[in-house]
Amino acid sequence: MESINFGQIVSFLFGIANDCLVDVYDVGDYRKIILPMMVIRRFDAVLEPTKESVLEMKKRLDAAGIVEQDEALCQAAGEAFCNSSPYTLKDLRSRTNQQQLKADFILYLNGFSQNVQDIIKKFEFRNQIDKLSEHDILGLLISKFTDTSINLSSRPVTTPSGTVLPALDNHTMGTVFEEVIRKFNEETNVTDAGRHFTPRDVVELITDLAFVPVQDQIESTTYRIYDGACGTGGMLTVAESRIREVASEYGKKVSIHLYGQENADETYAIAKSDMLVKGEGTQANNIFFGSTISNDGFAGETFDFMLSNPPFGTPWKTDLKAWGDIKKDDISDSRFRINWQGKDFSLIPDIGDAQMLFLANNISKMKKDTVLGSRIVEVHNGSSLFTGKAGQGPSNLRQFILENDLLECIVALPEKMFYNTGIGTYLWVLSNRKEERRKGKVQLIDATSFKSALRKNLGEKNTEITQEIREQILALYLAFDQADSEYSKVFENSEFGYWEVPVYQPQLDEEGQPILDKKGKPVKPTSDKEIVPFSYEGGIEAFIENEVKPYAPLAYTKPGTEKIGYELSFTKYFYKPVQLRTLEEITADIRAVEAETDGLLDEIIGG
């Protein structure tokens, strides 16, 4: 959607808030009215052209005594949803009696099909009707939302003056939603805006990394796309559009099924409403409400593409309670605790951050019996690269990913790319069907300097990835090892592995004899841990001999006590030291300061 239309809609919504809700609601509560009314009007606008057909069908169904009417009425509406009340929102504008308006508006809401009722319930909008009516603003609110100069429908409309208003597409609907929340929250110092939303420029890069590398392998078949942290559904919407575009370029016709899960009421309602507006009645049922971690809506299912921006830095204590108030070590979910290499293997991270659980969830849903397998592109912050010691969940997950050769690439993005955080972020690209040249290797792309400044900040976001930059990143990705440079480097999987080795030293007295305890036995040796990279020539034994024994000749290790760990570090491979100034430059600056000081001193003395 053109940006001018996005701006118009946002201004339109804020105009309604300022005209209708001032002195009745706190600014932070404006969302309770504006968001559900935006969705209801969107449904209403889509249904307007077929209203008479629906009412005619309802008469026939009532006459026949048919109680379950949704399916037939939706067919009459030509949509995945319908409204069987006698009214449209525009019909209610003429009501002057507040009690009658309230009764008719409730009847209007009750007329929606059951799939819309679920959305209205998640907004808790019915709780606001009494207050809107008592303050005599319900009619004004309806009148404002049915203004013919703004189109909230998913289809273009022509105004009475003949102007064609473009459609409001699903991703822009989500963008409007987030912008409304962000602006309302700015007034109340609430910081959760953007928590469930990924900027369009980042989404476009994600979808390019998902589909373009395999564009020549896409067939005329059905593909399933999944987002376990779907927010308003924008990632799914753009993904569907992008894969269709890529397939079309190769003369293929694809059928796309979308699946998502969201655990925040408002964003879930937006995502589900957009699926309905798209005409995807069954796909709306594929948007599942609840926590992906503790209440997997798609247990046992697999997907072709999994794209996600899970929450990071967010505690997941509530999931432990949902599992029955258990402890972290008692989790038995097979997505996060697996049997691997003949032993129990935990992939569970610290309770303070859930993002790696989302990655493990996606990995558990990879297809193993198709030519393309599955591709995952997921947003993470830097902690997923290195948190967790050897043998702990995060390190174990990295080990599982790398030793199963699932990681294709990690792209480091610039800071201040997201609305609610200024920290650096990374795109993890995984596949269980790597092309031959990528097998056993990982590509790291440092795109932290690839950015374009926004003319106006959007929350924390002040930079964007333009189409040109996106193409630049994609070119580095596709070139793989041919593009080894200051921005792209390729490594063997083993480059990131290490052994954590306990090293012991006996306790000796000044004469070099073992120190004994009260029972006459040697006291326990002191111990320390050494980190030995897999890449160290000669392995653990050589490391101890070369790096430890010159300083501690009696040091020794115990076979089988070492633990395996994995971590990745962009700083290690892409660090650019600050160029120090030359001595000549420093001297010149000092002399310039001296000259200025001498001149100032002369002025003072002369005065």
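**Figure 1. Overview of the predicted protein chain.** Two strands pair if DSSP finds at least two bridges between them, while the helices (H or I, at least four residues) and strands (E, at least two) named in these legends are DSSP runs that are numbered from the N terminus. Residues are numbered from 1 along each chain as its sequence is written, and the side-chain values rest on heavy atoms, with hydrogens and water left out. The model is predicted, and local features therefore need pLDDT of at least 70 and side-chain atom pairs count only at pLDDT 80 or more, whereas totals for chains, interfaces and linings use all residues. The secondary structure of the protein chain comes to 21 helices and 18 strands, and its C-alpha trace spans about 105 × 90 × 60 Å along the principal axes. Of its 607 residues, 50% count as buried, where buried means under 20% relative accessible area, exposed means over 50%, and partly exposed lies in between (1.4 Å probe, protein chains only). The chain exposes about 29200 Å², of which carbon and sulfur atoms supply 48%; such areas come from the Shrake-Rupley method with a 1.4 Å probe, and for residues only the protein chains shown count as cover. Among contacts (heavy atoms within 4.5 Å) between residues at least 6 apart in sequence, 74% join residues at least 24 apart.

**Figure 2. The nonpolar cores.** A nonpolar core is a set of buried Ala, Val, Leu, Ile, Met, Phe, Trp, Tyr and Cys residues joined through side-chain atoms within 4.5 Å. The largest one has 114 residues, and those with the most contacts inside it are Leu21, Phe105 and Phe125. Helix H2 (residues 31–47) gives the largest share of this core, 10 residues. Leaving aside neighbours within four places in sequence, Phe125 is in contact with Lys32, Ile33, Pro36, Met37, Ile40, Phe105, Leu109, Ile120 and Leu132. A second, separate core of 47 residues includes Phe303, Met356, Phe358 and Ile363. In soluble globular proteins, nonpolar side chains tend to be buried together.

Figure 3. Strand E11 (residues 425–431) is mostly covered, as 7 of its 7 residues are buried. Thr425, Leu427, Val429 and Ser431 point one way from E11, Tyr426, Trp428 and Leu430 point the other way, and all are buried. In a regular strand the side chains alternate between the two faces of the sheet. Strand E9 (residues 375–381) pairs with E11 in the antiparallel sense over 7 bridges, and Arg375 has Ser431 as its bridge partner in E11. Strand E10 (residues 407–412) also pairs with E11 in the antiparallel sense, over 5 bridges, with Val429 of E11 standing as the bridge partner of Cys409.

Figure 4. Strand E16 (residues 497–505) is joined to E17 by 8 bridges, and Gln505 stands opposite Thr526 in E17. Helix H17 (residues 393–403) is mostly covered, with 10 of its 11 residues buried, among them Asn396, Arg398 and Phe400. After H17 comes Asp405, whose phi is positive, near 55 degrees.

Figure 5. Gln261 lies in strand E4 (residues 255–262) and counts as buried because its relative accessibility is 1%. Its side chain reaches the backbone oxygen of Asn295 at 2.8 Å; a polar contact is a pair of N or O atoms within 3.5 Å, and within protein one must be able to donate a hydrogen and the other to accept it, while residues adjacent in sequence count only if both atoms are side-chain atoms. Not counting residues up to four places away in sequence, Gln261 touches several residues, including Asp227, Cys230, Phe288 and Phe298. Glu240 is placed in helix H11 (residues 234–249) and counts as buried because its relative accessibility is 8%. The side chain of Glu240 makes a polar contact with that of Arg244 (3.1 Å), and, not counting residues up to four places away in sequence, Glu240 touches Ile225, Ile256, Leu258 and Lys278.
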